[in-house]
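Take a look at the structure below. The report starts with the whole chain and then turns to its parts.

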Amino acid sequence: MTMDKGRNTGRYSKRAYRVIYLSILAMMLVAIGSAVIFNNLKNRMPDIEQGVTEEYDGHFAFIVSSDDEGFWEGVYASVCEEATKDNIYIEDMSKSLGVNYSDTDLLRVAINSSVDGIIYGGTTNETAAALIDRAVEEGIGVAILQNDIDASARQCFVGVNNYELGQMFASQIAEIISGEEEISKKSVDVLIDRDMSEGASNVITIAIEDYFTENYPDYPIPELNIIRINSDDAFSVEDDIRRLFLYEDMQSDMMLCLSSIHTQCVYQSLVDRNKVGDVQVVGYFAGNSILEAIEKQIIYSTISVDTEEMGRDSVKALKEYMEEGYTNSYVPVSTQVIGYDQAKLISGQLGGGE
């Protein structure tokens, strides 16, 4: 019995050594193979150089609505140009992450990344307001563009004063009425973002009424209908605006648009439903497609916003806050009305006079 036990032990020892040897050999083959593969890859990519690390004096997050790209492109270009002067890095959060996050999710990412400032032109709901408050509590400056969130603790709003905007819209309504043979009370749809505060929309309607009372007392004050548009995405905007043209008896005489995406969707709906001339439209922003629509007299006119000024002033405001601890709470942006003659002139300059 003892001899058999010794033989079995020796047999097991030989097997154990054999397994160890084979394992070592396998590991050596894997190591050699990995080295060969690495060298081959290295030889195929000889031009790759080690990245250069750059140091910046500040880091700002740029978060805006993805549905109004034409408007925000000009703003972003100006933001980057101004930031370069002060060695500030601008991160376009919607593109840098490579994932389609919501505006509020991007705000959370920016706050958790401890950026120095946030330039925000996205959703204006209560969630966004709460996140902006949190950013300010953590020492991050916030500049809001286009549509203010006055209930938040943001440092600065860079945009158009709503009362001034209402007065500009009113001037166009009056101009349209004055060009007609018979003066009559007009029904006017005012297209606003679903998240715009009631206070902001009321300011616009009051400004329109004040303009007629002060400047055109003989004209009947228009019947103003506030239409809230779902701006979660481009499809929602198109769907809501398309519905406005479904019923003949519900159509208004005029439409006022408070964003470029609303303007473009109204323009397209007029063309698709053969309603050109039935509804007078005053748009917002002066993109190429909107200028073309004015030239074709599909849209009566548009309110042009200086996007370069908006981008430049937002960076200046955040830089001032970062250095001084304070900045102006409101920075106005220049606007102008562009009608048929101006649109034709601008298009001629851009297109070489064609």
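## The whole chain

The protein chain has 12 helices and 12 strands. Helices (H or I, at least four residues) and strands (E, at least two) are DSSP runs, numbered from the N terminus. This is a predicted model: local features need pLDDT of at least 70, side-chain atom pairs count only at pLDDT 80 or more, and totals for chains, interfaces and linings use all residues. Residues are numbered from 1 along each chain as its sequence is written, and side-chain values use heavy atoms, with hydrogens and water left out.

Of the 354 residues in the protein chain, 43% count as buried. Buried means under 20% relative accessible area, exposed means over 50%, and partly exposed is in between (1.4 Å probe, protein chains only).

## The six-stranded sheet

In what order do the 6 strands of the open sheet stand? The order is β2-β1-β3-β4-β5-β11, and the pairing is parallel. Two strands pair if DSSP finds at least two bridges between them. β2 (88-92) and β11 (330-332) stand at the edges. Each has a single partner strand, so one side of each is left without a neighbour in the sheet.

Now look at one pair. Strand β3 (residues 117-121) runs parallel to strand β4 (residues 141-145), and 4 bridges join them. Ile118 has Val142 in β4 as its bridge partner. Helix α5 (residues 126-137) packs on the sheet and touches β3 and β4. Contact means heavy atoms within 4.5 Å.

## A buried strand

Is strand β10 (residues 301-305) enclosed or open? Here 5 of the 5 residues are buried, so β10 is largely enclosed by the rest of the structure. In a regular strand the side chains alternate between the two faces of the sheet. Both faces of β10 are covered. Ser301, Ile303 and Val305 are buried on one side, and Thr302 and Ser304 on the other.

Strand β9 (residues 280-284) pairs with β10 in the parallel sense, over 3 bridges. Val282 has Ser301 in β10 as its bridge partner.

## A nonpolar patch

Ile20, Ile24, Met27, Met28 and Ile32 form a nonpolar patch on the surface. Together they have about 490 Å² of accessible area. Accessible areas come from the Shrake-Rupley method with a 1.4 Å probe; for residues, only the protein chains shown count as cover. Like charges are joined within 9 Å, nonpolar side chains (Val, Leu, Ile, Met, Phe, Trp, Tyr) within 5 Å.

Ile24 sits in helix α1 (residues 2-44). Ile24 counts as partly exposed because its relative accessibility is 39%.

Key:
Patch = residues over 30% accessible without salt bridge, like charges linked within 9 Å, V, L, I, M, F, W, Y side chains within 5 Å. Salt bridge = Lys/Arg side-chain N within 4 Å of Asp/Glu carboxyl O. Axes fitted to C-alpha atoms, helices over the stretch in contact; angles between N-to-C directions.
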